[in-house]
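Here is a short tour for anyone meeting this protein for the first time. Have a look at the sequence and the fold, then read on.

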Amino acid sequence: MGSLAALAKMKEVIKLERESVIPILKLKLVMKLSYLIEQPADRTDFMKLCKRMEYTIRAWYLLQFEDLMQLYTLFNPVNGAEKLEQQNLRSDEIDVLEQNFLRFFFKVMEKSNFKVVTNEEMDVAHHGQYLLNLPIRVDESKLDKNLFSRYFKEHPQENLPEFSDKYVVFRRGIGIDRTTDYFFMEKLDMLIARFWQWILRASKLEKFLSRKTIMRRRTDSQKADETIGETELQDLYVERIQLKKMELNMQNLVGKITIQEPTFDRMIVVYRRASSDDKKDRGIYVKHFKSIPMADMELVLPEKMNPSLTPMDWVKFLSSVVIGLVTLVSSLEMPKSDIWVVIAILSGVIGYCAKIYFSFQQNLVTYQNLITQSMYDKQLDSGRGTLLHLCDDVIQQEVKEVIVSYFILMEQGKATIQDLDFRCEELIKDEFGVQCNFDVVDAVQKLEKLGLVTRDTIGRIMCVPLRRANDIIGITTEELVLKARRTPAA
């Protein structure tokens, strides 16, 4: 019971908006839904329809994706400059092309259910600690400020982060990362931080320093309480277990403990490096990462500065030196100064200063290891590879939405848009054990475009029968190719 209570005190709940992505493999989805169909003939027709819907939707998007890939060849940091020179374009013509690329790119990101990281989410990274215990800052002088400024001026969006003129960070999917270790240096830092808070509290300085923070938190809390009833169903709650909230006991201090941090399953960073006017760099960097802890989100930021001691570290360092010197002088002025007291004071001051230095060095090594890991383990791809992955991702999500919507209409009959949305979410939850905010409007639009659904006089949606649906789409090019492959040559 004691360990459970200690764990509960270390927990912090983070509220996130539930996403529209369906986190199920398409093959698993099709096989499971086919298994739920009773008649073998219908089961066969349904699997054929799923393939035909995928082939058709893929064909719709290929032309759009081709334009995206062709534009990126001009802005690829590897060889885009050479291709731009071959085109012999004016500067204003290049500006139009790069804005067209961003317009296509943001549309693909939206279809892939990626969201732009907000200021609030970046605050979580800056104020939280997981494995990265150093403040990371971006060298903004090395980043271009014109590319995204022009785009967001023409295509304004709500709740953009303050750094959106220099780089954009997208995120999708929520996971959990756990680490179990002794964390000796981190525990020592935590003890010193709590002792420092005790000194501030005892000297009545804490109220003065934290008054504004407390008022801001109360205001945010009141706003959250007012809207919790409206957004409770749409929000996702994930737990964070932090070292700084650890209960002080001997078992926790000397033994292994487990910390936990929510992660963004996928993150994509887009930016351009700064350049001089006489030799303008048009390269657009696109980098793709996986499983990035929220508190360590700074790892994916571009053009990071080398970390150094924080202002708080310098305050602690100088304060300890001043306090030590004052105490040392006071002890020496006493009529009967004890040499051992002097040695103890000097040892304490030197030890504390050494602790700050070695803690920084260890955190620096950890930072370098995390950067290496983010480059080799966490980075999935960059540039053209990321765009190809996104294009396939869009197709897979669109196909899964259409398959689930048609299956519900086929099995449960006509429904309003709200009923269909609820039934699709319930099916995914009951059969696959996952929750998502199903994008029913987009799915119905695709079904209407395919000609597989109609509406009655009161607006309810109903699907055409299976065989009729297969006839409407007809034999696809992919099926003809597969048939030709199976036919032996004469």
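What is the mean pLDDT of the protein chain?

The mean pLDDT of the protein chain is 80, and 75% of the residues reach 70 or more. That score is the predictor's confidence in each residue, from 0 to 100. Over residues 1-8 the pLDDT falls below 50, and this stretch has five contacts in the model beyond near neighbours in sequence; a contact means heavy atoms within 4.5 Å. Residues 211-233 are also below 50, with three contacts beyond near neighbours in sequence.

Since you're looking at a predicted model, local features need pLDDT of at least 70 and side-chain atom pairs count only at pLDDT 80 or more, while totals for chains, interfaces and linings use all residues. Residues are numbered from 1 along each chain as its sequence is written, and side-chain values use heavy atoms, leaving out hydrogens and water.

## Helix α13 and its partners

Two packed helices are described by the angle between their axes and the distance between the axes. Start with helix α2 (residues 26-35) and helix α13 (residues 384-412): their axes come within 10 Å and cross at roughly 10°. That makes α2 roughly parallel to α13. K26, L29, V30 and L33 of α2 make the contact with Q396, V399, K400, I403, V404 and F407 of α13. Sorted by type, this contact has seven nonpolar residues, one polar and two charged.

Next comes helix α14 (residues 417-432), whose axis comes within 10 Å of that of α13 and crosses it at roughly 105°. So α13 is roughly perpendicular to α14. Here V404, S405, F407, I408, L409 and Q412 of α13 meet L420, R423, C424 and L427 of α14. This contact divides into seven nonpolar residues, two polar and one charged.

A few terms, in passing:
- Helices (H or I, at least four residues) and strands (E, at least two) are DSSP runs, numbered from the N terminus.
- Axes are lines fitted to C-alpha atoms, for helices over the stretch in contact, and angles run from 0 to 180 degrees between N-to-C directions.
- Angles under 35 degrees count as roughly parallel, over 145 as roughly antiparallel, 65 to 115 as roughly perpendicular and the rest as oblique.
- Ala, Val, Leu, Ile, Met, Phe, Trp, Tyr, Cys and Pro count as nonpolar, Asp, Glu, Lys and Arg as charged, and the others, Gly among them, as polar.

## Two phenylalanines

F104 is found in helix α5 (residues 91-111). Leaving aside residues up to four places away in sequence, F104 touches D67, L68 and L71. The C-alpha atoms of F104 and M69 are 9.7 Å apart, although 35 residues separate them along the chain.

F184 belongs to helix α8 (residues 184-202). With residues up to four places away in sequence not counted, F184 touches L253 and V254. Between the C-alpha atoms of F184 and L253 there are 7.8 Å, and the two are 69 residues apart along the chain.
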